[in-house]
Amino acid sequence: MAVSAVPERTGRSGPAGQVLRVLAAVHTVAVYGQPVFAGVYLSGSYDGLGWHLAGANAVTGLGYLQLIAAMALWFRSRISWPLTGTAVVVIAETVQYFAGLDGALWLHLPLGVATIAALTVLTIGLLRTPLPGRGPEADGE
């Protein structure tokens, strides 16, 4: 008998799960713009650096909004993996942000690749898993 890392839950996602999904999807789309903006800058257009900074501000803000939504989901349903995954991504993005401002490209570039990969996997998990809006006791389990 296989044991799943994610508890089986039936039903559709509640409002907290739906908000988290939307934020994660928008966050993922925004984070994919970052290497594009960096590439514009590296291709010789100084404007790309401004776009990269604006994108970093947007991505960081979306990350913190996603963290708040993940906390709300955890509070309502006690499902912890979205909160843990989001917290790891937000910590990585915060370190990434300050490494970029500092010009520490030795950290900024590989952490950026890892962050994009982690956020993509997290978002796929959020989109594939039902995220009920209330705890097991409310479901009669």
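**Reading a helical model**

User: What covers the buried residues of helix 4?

Analyst: The cover includes helix 1, helix 2 and helix 3. Cover is judged by contact (heavy atoms within 4.5 Å), and buried means under 20% relative accessible area, exposed over 50%, partly exposed in between (1.4 Å probe, protein chains only). Helices are DSSP runs (H or I, at least four residues), numbered from the N terminus. This is a predicted model, where local features need pLDDT of at least 70, side-chain atom pairs count only at pLDDT 80 or more, and totals for chains, interfaces and linings use all residues. Residues are numbered from 1 along each chain as its sequence is written, and side-chain values use heavy atoms, with hydrogens and water left out.

User: Which residues of helix 4 are buried?

Analyst: An α-helix has 3.6 residues a turn, so residues three or four places apart point the same way. In helix 4, the buried residues include His-108, Leu-111, Thr-115, Leu-119, Leu-122 and Leu-126. Helix 4 has 24 residues and spans 34 Å between its end C-alpha atoms, close to the 34 Å expected (1.5 Å times one less than the number of residues).

User: How is the largest pocket lined?

Analyst: A pocket is an open set of points on a 1 Å grid where a 1.4 Å probe fits, with protein on both sides within 12 Å along at least five of seven lines; lining residues have an atom within 4 Å of a point. Here 26 residues line the largest pocket, and Gln-34, Ala-38, His-52, Gln-96 and His-108 lie nearest its centre. Helix 1 (15-42), helix 2 (47-77), helix 3 (81-102) and helix 4 (105-128) each give two or more residues to this lining. His-108, then, is both buried in helix 4 and among the residues nearest the pocket centre.

User: Where is confidence lowest in the chain?

Analyst: pLDDT is the predictor's confidence in each residue, from 0 to 100. Where pLDDT is low, the predicted coordinates should not be read in detail. The chain has a mean of 90, with 86% of its residues at 70 or more. Confidence is lowest in helix 5 (residues 136-139), at a mean of 48, and highest in helix 3, at 98. Over residues 137-141, pLDDT stays under 50, and the model has three contacts beyond four places in sequence for them.
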